[in-house]
Amino acid sequence: MIQADQLFTLALEAADKAASLISDEAEKVLKVDFKGAANLVTQVDVAAENIIIETVGSHFPDHQFLAEEAGESETKSDYLWIIDPIDGTTNFVHGYPFYAVSIAVYEGGEALAGVVNHVQFGDVYSAIKGRGAFCNGKPISVSNTRTLKHSLLATGFAYEHDEVWARNMDLFREFTAMTQGVRRAGAASLDFCHVARGWLDGFWEFGLSPWDMAAGALIVSEAGGVVSLSNGDPFDLFSGDAVASNGHLHEQIVQLLGRDSA
Ligand code: IPD
Ligand code: CA
Ligand code: CA
């Protein structure tokens, strides 16, 4: 069995290499392609992803990868690396500094380690299962806010402007009315980490992909928070939605998300 520490150190190294590349390339002219009307991808997403896969693959060529740009590797293994090379590509393209490299390692379907590198802030969030959550090596924990009216929340919106998107626009309004605000920074991995460090009291989103959530969800749990599906069921990486909170507000958020439109 491979030690979690070894995988964790490699995840940190791969994220660091990708972050350096992204930071260098941020100064240059970007070639932007469209995966959808508002779903952007640049050559930097692909280059950063390649560097992560090469770094991990040079140590563990038989591990499996699920990466946003390259998809799923053909190799099947108990060890699965889930990679978002740039979470927040739209922000990256516009020079808005909320984008991150997100890498998680799963073993047999369970999260072992996660790293989210907030490139422009130099903040590296990390967690190993059962050993707490950290930012730049210092322990972090969720907030102690106990009422929605004292809370700051965040959400996000998937690229497709469908019924779920429209429903979340309504929820955005409803939650804004009953909290101190709802942020929409545009990088889900960072939304999770900001819950983990107590800047935010809760976060929810629909239409997420595994690579948006894999590292961040572990970091929230290890910071003492709670992560579930939007209906309160146990978190599932492949379900497409998530609620992350400091725990105290979890039930209230889940109940409001499940309520019929006001
Ligand atoms: C997106 C960001 C955004 C979220 C979208 C994601 P990308 O990831 O995390 O915050 O609202 O649902 O797709 O495309 O920038 O990697
Ligand atoms: Ca993403
Ligand atoms: Ca991405």
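Predicted model: local features only at pLDDT ≥ 70, side-chain atom pairs only at ≥ 80, totals over all residues.
1. Residues are numbered from 1 along each chain as its sequence is written, chains are lettered from A and ligands numbered from 1 in the order in which they are written, and side-chain values use heavy atoms, with hydrogens and water left out.

2. Who is in that shell? In total, 17 residues surround ligand 1, and D87, G88, Y159, G186 and E205 are the closest (a residue is near if one of its heavy atoms lies within 4 Å). Strand β5, residues 79–87, gives the most to the shell, with three residues (strands are DSSP runs of E, at least two residues; helices are runs of H or I, at least four).

3. Now the polar contacts, meaning pairs of N or O atoms within 3.5 Å. Oxygen atoms of ligand 1 meet a backbone N or O atom of T89 at 2.9 Å, a backbone N or O atom of I86 at 3.2 Å and a side-chain N or O atom of E68 at 3.3 Å. Taken alone, ligand 1 exposes 380 Å², and the protein buries 94% of that (Shrake-Rupley method, 1.4 Å probe).

4. Which residues hold the calcium ion (ligand 3)? Its donors (N, O and S atoms within 2.8 Å of the metal, or 3.2 Å for Na, K and Ca; water is not among the atoms, so sites may look incomplete) are E68 (OE), D84 (OD) and I86 (O), at 2.2 to 2.4 Å. E68, in the loop between β3 (64–67) and β4 (71–72), is 16 residues apart from D84 in strand β5.

5. The calcium ion (ligand 2) has D84 (OD), D87 (OD) and D212 (OD) as protein donors, at 2.1 to 2.3 Å. D84 in strand β5 and D212 in helix α6 (residues 210–222) are 128 residues apart, so this pair links distant parts of the chain.

6. Finally, look at D84 again: D84 coordinates both calcium ions, ligand 2 and ligand 3, which are 3.8 Å apart.

Conventions: Polar contact = N/O pair within 3.5 Å; in protein donor to acceptor, adjacent residues only side chain to side chain.
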